[in-house]
Amino acid sequence: MNDEHPTSTTSELLLPDALSTQISPARSTAVAARVGILLGIAITICFLTGLISHGIQRPPAWFWWPAHPVWLYRVTQGAHVISGVIAIPLVIVKLWSVYPRLFARPLLGNPLRMLERGSIAVLVGSTIFQLVTGLFNTAQYYPWRFFFTTTHYAFAFIAAGALAVHLAIKLPVVRDALARPEVTVPVGESSTEVAGISRRVVVGSAIAAAAVAAIAVAGQTVPLLRRVSVLAPRSGTGPQGVPVNRTAAQAGVTEAARAPSYRLVVTVGERTREFSLADLTALPQTTATLPIACVEGWSVGAEWSGVAVRDLLDAVGTYRGEDVVFQSLERGGLYNRSVLPQPHIEAADSLVALRIGGEELDIEHGYPCRLIAPNRPGVLQTKWLSTVAVLR
Ligand SMILES: Nc1nc2c(c(=O)[nH]1)N[C@H]1C(S)=C(S)[C@@H](COP(=O)(O)O)O[C@H]1N2
Ligand SMILES: [Mo]
């Protein structure tokens, strides 16, 4: 009758008869497989874009990331946050659809079944952990003791590993489930519960919920969606039309940044030169339209002008392709320095910015000068620069 959860095939979990007749047909492998595929796509996008973001922030020796197109990181990180948010309703529907099966007998059983159960436990645990910590991160809410970045990165591999095992084990079930047409249970012909809601309604609602979730956050990246994005916490408020992640007061730099004795100290090999703000303004000026794309998911474009990094280095000595360290006046803090690799040093639009939208930088945006380089996470766009040094 209800062949969406047969108790006879070997690829299907064994359900006690009493349990199986009480389960709605929407709680079926057909729904689990379909929602699972969508979830798998969302998680894969989330995982890959996460690897990119992590690679840029802590590049291994082999890692390479281009300076152009300038919007690429904005897109990959936006996709990271949106795919993660989309995954949340999908996980809920997926868990709902398989819930009775999670308690099917035998609870442990043979080694393959133990692997299947174990991988599900790890998969569910690590996926929920990733989605929750990621979501809190987009809201800049860190109610835990561990360091977000490294933990989120480590758990990504645990979840990916468990997902690979899970997929390998479930492949036959998924193939079966997708091949089967939807079964309509005539009302009255079977136990009353069986009719329930249909598979189409559940899969459709899962997709609708995912779409709503996506639109609710997408506004922090996509300007046109800003008004409907109720969940987007950062959408362009802040001085000069750009949100602020850490204020000058929080960074403890207000006095040093405003001091008339301020100098930017630039070192290229053996040579060091100090620049006052007037000196920087007297150098050739370059203007570029570049986004700030925060790892938390929000991003905004702005028109920046200042001294191109390569012009600044040329004013001091000969640059030979090394990494360059940008250090802030900020003393503590996790984000008071960043290292710019060669492709970004050579890009004409990597700037030590003095102005935004034609106005002098607001102190919250890094006055007297900040780094702004194309195609990089916001966290590496160091504000309130104090030194620039070529690593040699
Ligand atoms: N010195 C310093 N620079 C910093 C930060 C910081 O905490 N300290 N935060 C970074 C982060 S996380 C982002 S997203 C951008 C945001 O720049 P904005 O505040 O001008 O928008 O600045 C970056 N520059
Ligand atoms: Mo950020």
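In this predicted model, a polar atom of the side chain of Thr49 lies 3.1 Å from the backbone oxygen of Cys46, a polar contact being a pair of N or O atoms within 3.5 Å, where within protein one atom must be able to donate a hydrogen and the other to accept it, and where residues adjacent in sequence count only if both atoms are side-chain atoms. Thr49 belongs to helix H2, which comprises residues 29-57; helices (H or I, at least four residues) and strands (E, at least two) are DSSP runs numbered from the N terminus. With a relative accessibility of 9%, Thr49 counts as buried, the term buried standing for under 20% relative accessible area, exposed for over 50%, and partly exposed for values in between, with a 1.4 Å probe and protein chains only. A second contact of a side chain with a backbone oxygen involves Ser338, whose side chain reaches the backbone oxygen of Leu380 at 3.0 Å. Ser338 is placed in strand S6, residues 337-340, and is buried at 3% relative accessibility.

Residues are numbered from 1 along each chain as its sequence is written, while chains are lettered from A and ligands numbered from 1 in the order in which they are written. Local features of this predicted model need pLDDT of at least 70 and side-chain atom pairs count only at pLDDT 80 or more, whereas totals for chains, interfaces and linings use all residues, and side-chain values use heavy atoms, with hydrogens and water left out.

According to the unreviewed UniProt entry, the annotation "transmembrane region" covers residues 35-57, 77-99, 120-139, 151-169 and 201-219; UniProt positions are given in the numbering used here, feature names are shortened, and annotations may be inferred rather than shown by experiment. In the model, the span of residues 77-99 is 100% helix and 0% strand, and its end C-alpha atoms lie 32 Å apart. For residues 120-139, the end C-alpha atoms are 28 Å apart, and the span is 95% helix and 0% strand.

Strand S3 (residues 286-293) and strand S4 run antiparallel and are joined by eight bridges, two strands being counted as paired if DSSP finds at least two bridges between them. Within this pairing, Ile292 has Val300 in S4 as its bridge partner, and Thr287 stands opposite Ser305 of S4. The two strands form a hairpin with five residues between them, and Gly297 in the turn adopts a positive phi of about 115 degrees. Strand S4, which spans residues 299-308, is mostly covered, eight of its 10 residues being buried. S4 also pairs with strand S7 (residues 351-356), again in the antiparallel sense, over five bridges. Here Trp304 stands opposite Ile356 in S7, and the C-alpha atoms of these residues, which are 52 residues apart along the chain, are separated by 4.6 Å. Ile356 is itself buried, at a relative accessible area of 3%.

Ligand 1 is surrounded by 19 residues, of which the closest are Pro243, Glu330, His365, Arg370 and Lys383; a residue is taken as near a molecule or strand if one of its heavy atoms lies within 4 Å of it. This shell divides into nine nonpolar, six polar and four charged residues, where Ala, Val, Leu, Ile, Met, Phe, Trp, Tyr, Cys and Pro count as nonpolar, Asp, Glu, Lys and Arg as charged, and the others, Gly among them, as polar. A nitrogen atom of ligand 1 is 2.6 Å from an N or O atom in the side chain of Glu330. Oxygen atoms of the ligand are found 2.7 Å from an N or O atom in the side chain of Arg370 and 2.6 Å from one in the side chain of Lys383. Taken alone, ligand 1 exposes 530 Å², and the protein buries 97% of that, accessible areas coming from the Shrake-Rupley method with a 1.4 Å probe and, for residues, with only the protein chains shown counting as cover.

Several loop residues show particular backbone geometry. The peptide bond from His68 to Pro69 is cis, with omega near 0 degrees, and Pro69 lies in the loop between H2 and helix H3 (72-102). A cis peptide bond also joins Tyr367 and Pro368, with omega about 5 degrees, Pro368 being placed in the loop between strand S8 (359-360) and strand S9 (370-372). Asn375, a residue other than glycine, has a positive phi near 60 degrees; Asn375 lies in the loop between S9 and strand S10 (385-390) and is buried at 2% relative accessibility.
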